[in-house]
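Student: Can you take me through this one? I would like to begin with the ligand and then move on to the salt bridges.
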Amino acid sequence: MPTEKPKPRILSGMRPTGKMHLGNYVGALENWVKLQGEYENFHLIADYHALTTNLETTELLHNTLEMVMDWLAVGIDPRHSPIFRQSQIKEHAELHLLFSMLITTARLERNPTLKEQVRDLNMENIVYGHLGYPVLQAADILLYKGQVVPVGEDQAPHVEITREIARKFNQTYGDVFPVPVAKLTEFARLPGLDGNKMSKSVGNTILLTDPEIEIQNKIRKAVTDPQKIRMGDPGRPEICLVYTYHQKFNADQTDEIFDGCTSGQLGCVACKKRCGNAIAAHTGPFLERRRSYESQPHLVMDILLDGERRARQVAQDTMNQVRQVMRLG
Ligand code: TRP
């Protein structure tokens with residue numbers, strides 16, 4: 001009997017930020033869904049990581065469930081790809097501790113993603129766990145022997161640290177871990193409605209759950225080329241946010257829109273309407289699927305529990321190997 005070749009394994013993760021927006025979709029989810037057939041995907045909810053910047057836990061489960069419903073709505077198939085919370089699998093904490101001996105604090109202080117965060121969030125001081133953020137991420141990836149890690153550019157330094165830790169462990173104790181590679185998303189950063197990075201904390205998002213009328217309202221207020229004031233004025237699509245959205249969600253019409261905008265024949269009002277239509281056409285089916293999950297909250301919890309059971313098994317196997325090569329117990 002022909003046996004199926006094992007698929008390479010992907011470990012993808014996200015912090016539980018609640019409802020997903022178009023930036024999450026373009027930067028990560030769309031890619032995860034596409035990769036599902038080719039790889040064996042493990043989808044991690046980084047609820048421990050969420051604590052590095054917010055100690056408040058009252059919304060954690062709610063935000064997790066909101067996020068998972070969006071993952072399911074865009075087409076993550078939980079039968080093939082386990083979805084699980086980091087906090088429900090103790091091996092993450094255990095491997096994180098062992099990994100924390102394999103990297104220096106100086107190396108972690110050089111992490112550019114951390115520096116950027118400290119600057120953006122205006123942090124005076126960071127907690128010990130925040131410095132170790134990439135070490136926990138290394139445990140997330142390597143517990144499942146993830147070979148490929150689909151991430152946005154900002155996370156590439158963390159995958160680099162994971163690679164260093166994997167090599168250091170293998171050299172010190174024996175070959176247990178693959179050295180994973182980052183798979184960067186093509187359209188890594190979708191700008192938000194104000195032109196900055198789309199982000200929940202900035203409030204410049206279009207949500208996957210926004211109904212069409214809301215999408216249209218939001219797009220209507222989006223910033224465009226400030227030199228294009230009335231119809232007839234030629235515009236500069238290359239600096240226009242709405243044009244970026246067209247490129248992503250309305251690829252078939254971008255040439256025509258480019259010509260219409262630069263010649264002045266296409267006004268911003270009409271252009272935005274078409275953009276809103278294209279986005280709504282894309283997210284409409286998600287909305288429908290999401291409603292079916294919303295009406296069955298137990299089903300979503302069951303999907304998580306099942307994913308956690310499957311993920312735990314893999315994590316325990318890996319930890320057994322780790323303990324064995326380390327001669328622990
Ligand atoms: N650090 C990632 C982020 O903020 C989330 C994350 C945690 C992750 N563990 C991971 C991503 C493992 C990929 C693999 O987006």
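Tutor: One definition to begin with: a polar contact is a pair of N or O atoms within 3.5 Å; within protein, one must be able to donate a hydrogen and the other to accept it, and residues adjacent in sequence count only if both atoms are side-chain atoms. With that cut-off, a nitrogen atom of the ligand is 2.7 Å from an N or O atom in the side chain of Asp140.

Student: What kind of model is this, and how are residues numbered?
Tutor: This is a predicted model, where local features need pLDDT of at least 70, side-chain atom pairs count only at pLDDT 80 or more, and totals for chains, interfaces and linings use all residues. Residues are numbered from 1 along each chain as its sequence is written, and side-chain values use heavy atoms, with hydrogens and water left out.

Student: Back to the ligand. What is 2.9 Å from a nitrogen atom of the ligand?
Tutor: An N or O atom in the side chain of Gln137. For Tyr133, the side-chain N or O atom is 2.8 Å from an oxygen atom of the ligand. The protein covers 91% of the 370 Å² of accessible area that the ligand has on its own (Shrake-Rupley method, 1.4 Å probe; for residues, only the protein chains shown count as cover).

Student: How many residues surround the ligand?
Tutor: 13 residues, the closest being His49, Tyr133, Gln137, Asp140 and Gln155. A residue counts as near if one of its heavy atoms lies within 4 Å of the molecule or strand in question.

Student: Which element gives the most to that shell?
Tutor: H8, with four residues. Strand E1 (9–14), helix H8 (133–143) and strand E4 (148–151) each supply at least two. Helices (H or I, at least four residues) and strands (E, at least two) are DSSP runs, numbered from the N terminus.

Student: OK, salt bridges. How many in the whole structure?
Tutor: There are 16, where a salt bridge is a side-chain nitrogen of Lys or Arg within 4 Å of a carboxyl oxygen of Asp or Glu. One of them joins Asp77 and Arg79, at 3.1 Å from N to O.

Student: Is Asp77 buried or exposed?
Tutor: Buried, at 17% relative accessible area, while Arg79 is exposed at 67%. Buried means under 20% relative accessible area, exposed over 50%, and partly exposed in between (1.4 Å probe, protein chains only).

Student: And Arg310 with Asp306, where do they sit?
Tutor: Both are in helix H14 (residues 297–325), and because they are four residues apart, about one helical turn separates them. Arg310 is partly exposed at 21%, and Asp306 is partly exposed at 27%.

Student: Which residues are linked in a network?
Tutor: Glu66, Asp70, Arg290 and Glu294 are linked by salt bridges. Asp70 lies in helix H3 (residues 60–74) and is buried, with 2% relative accessibility. Leaving aside neighbours within four places in sequence, Asp70 is in contact (heavy atoms within 4.5 Å) with Lys19, Met20, Thr209 and Arg290.

Student: Last one, Phe42. What does Phe42 touch?
Tutor: Not counting residues up to four places away in sequence, the partners of Phe42 include Ile10, Phe84, Tyr144 and Val314. Phe42 lies in strand E2 (residues 40–45) and is buried at 3% relative accessibility.
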